[in-house]
Structure formats: structure tokens, C-alpha cells
Amino acid sequence: RLAALSAHPVFLNLAGVRAARAGDDAAALACFQSAAAQPYAPALYRLGDALAAGRGVEASPAQAIRCFEAAARQGYAPAQAELGRSYLRGSGVPLNRETAFAWLARAEAQGHPDGSTAHALCLIRGYGAAADTAKGMLAMRRAAHRGSATAQLALGLQLLEHGDPEGVDWLHCAAQAGNAKAQARFARCLSEGMNVPRDPEAAAHWNAQAAHQGEAAAQLALGLAL
């Protein structure tokens, strides 16, 4: 049965994921290439990700974009989100906020957490569309509820900026999800007693979590605390 399935794109994609998790980038790349040739959208996306990062192959942002676009045109939300972010950054393609917003909107419509987060930030900042803070905040809240730590961090910061103590709760959610920037900012709230009871020991705990991930602000705060 395995022999009969060996050329199936779903099987190849799963084999590539397993190889990548085992640290065998060359084997993973070969599987993704075979599945992408069929063409299978998840494999196209993973091949693009490998090409963008240079895993098992020389990095090629332009080829990565072609893979993302091929998967995105099949309606694959992760590829739509990545393509949107690429146009937003000008990574592998000329910077184009309008095109970025269009792809991010497609990812958001499918409920993709990271695509929803970037889409919400575009609305808040007026990237690729007229700025609409209220609509952007609603979109950010949806992304945060979908479990995007990036959205939880952004929502928390936006709420705190407007004096809403709910922002601390969202920072805590993002910190628990492992977001280093959220851990450092939540630690600062605990250290200074900002919208939460002051707790230096808990602040040190969260700064240590973020410091081990390379967050410079947390490393400084933890060093000073010690």
C-alpha cells in the first residue's frame, strides 16, 4: 500500500514534513518538489518556504514567490497570507501595498490567523486601503480570538495605548503562547504595576522566558533585576 501511495502528492508532502522535522532538509526538499510538480498547494507553499529560507537549497526569493502565488491561486490560505506579507515587505517582489492588502483579505476571509493579523494592521495603518481604525481593531480582535499570538500582542498594545486595561490580558495570552515580545512587555507591566498588581518575581519569570528567546529588552531587564 505504501508503494502504491509513494507518488501521491499528499503522501509526499507529509513525508517532506516528517523529513523537515527530523532535520533532513535535502530529503524534505525533494519530497516537496515532487508533490509541488503535481501541483499540490500545501507542497507548493512548503517548497516556497524552503526556497525563501534557503533550507536544503540556495535561497531564491523570486522562486519562492512563484510557489506562493501558485498555491495562493488555488485558494490556499497560508500561501495567500505569505504572499500578502511579501508584497507588504517588498520581499522577492516590488513593494505593493494594494496587492498585499488584496491577498491578505483573501486569507482573512478564510480565517487564517496570521493573514487576519496582517490584514487588520493594514486597516489600522492605512496600508493598501483607506485607514479604518474601528474596523481594523475588530479584525485584530477576531485574529486574537483565533489564537494568533501576534494579533494578541498587537491588540494588547493598541488597547493599552488607549488606556484600556484589557490590553494586559491579551499580552498575557500572547506571552503564554510563547511570543517573546509579549513576554517582555507583560513583564514590564508586572514590574511597574501597570494595570495589574505589581509582582517583581513574576516579572523576572517572564523576562527570563523572553531573554532565552533573544529578546534584548528582556535580557536587559533580567540583568538589572539580578
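How many positive and negative side chains does the protein have, and how far apart do the centres of the two sets lie? There are 20 positive and 18 negative side chains, with the two centres 6 Å apart. The model is a predicted one, in which local features need pLDDT of at least 70 and side-chain atom pairs count only at pLDDT 80 or more, whereas totals for chains, interfaces and linings use all residues. Numbering starts from 1 along each chain as its sequence is written, and side-chain values use heavy atoms, with hydrogens and water left out.

On to the overall picture. The protein comes to 14 helices and 0 strands, so the run of elements from the N terminus is simply α-α-α-α-α-α-α-α-α-α-α-α-α-α (helices are DSSP runs of H or I with at least four residues, strands are runs of E with at least two, and both are numbered from the N terminus). The C-alpha trace spans about 60 × 45 × 30 Å along its principal axes. Of the 226 residues, 43% are buried; buried means under 20% relative accessible area, exposed means over 50%, and partly exposed is in between, with a 1.4 Å probe and protein chains only. The accessible surface comes to about 11,600 Å², and 52% of that belongs to carbon and sulfur atoms (Shrake-Rupley method, 1.4 Å probe; for residues, only the protein chains shown count as cover). As for contacts (heavy atoms within 4.5 Å), 39% of those between residues at least 6 apart in sequence join residues at least 24 apart.

Next comes the largest pocket, which holds about 270 Å³ of space. Its lining takes in 17 residues, with Ala184, Ala187, Arg188, Asn207 and Ala221 nearest the centre. Two or more lining residues come from each of helix H12 (180-192), helix H13 (200-211) and helix H14 (216-225), and H12 gives the largest share, 7 residues. A pocket here is an open set of points on a 1 Å grid over the protein atoms alone, where a 1.4 Å probe fits and protein lies on both sides within 12 Å along at least five of seven lines; lining residues have an atom within 4 Å of a point. Grid points are joined across faces, edges and corners, and the volume is the space filled by probe spheres set on the points.

A few loop residues deserve a look. The peptide bond from Gln38 to Pro39 is cis, with omega near -15°, and Pro39 sits in the loop between helix H3 (25-36) and helix H4 (41-53). Asn195, in the loop between H12 and H13, is not a glycine, yet it has a positive phi of about 60°. Asn195 counts as partly exposed because its relative accessibility is 46%. Gly126 lies between helix H8 (113-125) and helix H9 (133-145) and is partly exposed too, at 28%.

Then there are two helix residues. Gln176 belongs to helix H11 (residues 166-176) and is exposed, at 55% relative accessibility. Its C-alpha atom is 9.9 Å from that of Gln209, 33 residues apart along the chain. Leu14, in helix H2 (residues 9-21), is exposed with a relative accessible area of 55%. The C-alpha atoms of Leu14 and Gly214, 200 residues apart along the chain, are separated by 31 Å.

Conventions:
Lys and Arg count as positive and Asp and Glu as negative; His and the chain ends are not counted. The place of a charge is taken as NZ of Lys, CZ of Arg, CG of Asp or CD of Glu.
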